[in-house]
Amino acid sequence: MAYVERKLEPGEQVEVKVKVHWWLLAEPFLGVFIVIGSLMAFITSQLNDPTLFAWAVIPALFMSLIRLPNFLRSELAITTKRIIGSIGYDKTIEVFLEDVDEIQAKRGIVGSLFRFDTVIIKHFTGKTYLFRRIASARKLLEYHQAYLDSQNSRNDFPHE
């Protein structure tokens, strides 16, 4: 059972749930291939040894395997009462919706290409929670805005 489902209280339901983007696993390959690939191009032009390709693949594979638990155990959800999330084994969040001042989604160049965002959740106490490389983060923003609108419409009553 996933972290969010284990933390649900009776009567609480998940409204929106998002996961970490697959780019978390692919990113090490790109970095390692650029650095080691450049070195290999230089070295192979000197030595002409095809086994040097393993020196690029092995570190990238190792770095991706290190990130695999974070990828598999990461999720972020808005329930009917709270925001609940987990990144890997150590980073968790459980905040009541009425205590959240703002949710933002920032997207960089790579995020624009592969469609993922950094989600920033701002608590009324000033604490900020960051969740990087989140797929479908806009769903969180839309639901939170709808929640705020429903709260504002409840508080707007006619003046006499």
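## Salt bridges and core of a predicted model

R82 and E94 pair up through their side chains in a salt bridge, with N and O 2.9 Å apart; the term stands for a side-chain nitrogen of Lys or Arg within 4 Å of a carboxyl oxygen of Asp or Glu. This pair ties together distant parts of the chain, R82 sitting in strand β3 and E94 in strand β4, 12 residues apart. Helices (H or I, at least four residues) and strands (E, at least two) are DSSP runs, numbered from the N terminus.

A word on what you're looking at: this is a predicted model, where local features need pLDDT of at least 70 and side-chain atom pairs count only at pLDDT 80 or more, while totals for chains, interfaces and linings use all residues. Residues are numbered from 1 along each chain as its sequence is written, and side-chain values use heavy atoms, with hydrogens and water left out.

### More on the charged pairs

By the salt-bridge rule, the count comes to 9. R82 and E94 also belong to a network of salt bridges that takes in K7 and E12. Is R82 buried or exposed? R82 counts as buried because its relative accessible area is 4%, whereas E94 is partly exposed at 37%. The cut-offs here are under 20% relative accessible area for buried, over 50% for exposed and partly exposed in between (1.4 Å probe, protein chains only).

| R82 and E94 | 2.9 Å | strand β3 and strand β4 |

### The overall fold and the core

The protein chain has 5 helices and 7 strands, which run α-β-α-α-β-β-β-β-α-β-β-α from the N terminus on. Of its 160 residues, 34% are buried.

So what sits inside? A nonpolar core is a set of buried Ala, Val, Leu, Ile, Met, Phe, Trp, Tyr and Cys residues joined through side-chain atoms within 4.5 Å. The largest one has 21 residues, and L76, I83, I93, V119, I121 and F131 touch the most other members. Elements giving two or more residues to this core include β1 (14-19), β2 (75-79), β3 (82-87) and α5 (137-155).

Which residues does I93 contact, leaving aside its neighbours within four places in sequence? They are L76, I83, I84, G85, I121, Y129 and F131, where contact means heavy atoms within 4.5 Å.

### Out on the surface

F62 is part of helix α3 (residues 54-72), and F62 counts as exposed because its relative accessibility is 53%.

pLDDT is the predictor's confidence in each residue, from 0 to 100. The protein chain averages 76, with 67% of its residues at 70 or more. Where pLDDT is low, the predicted coordinates should not be read in detail.
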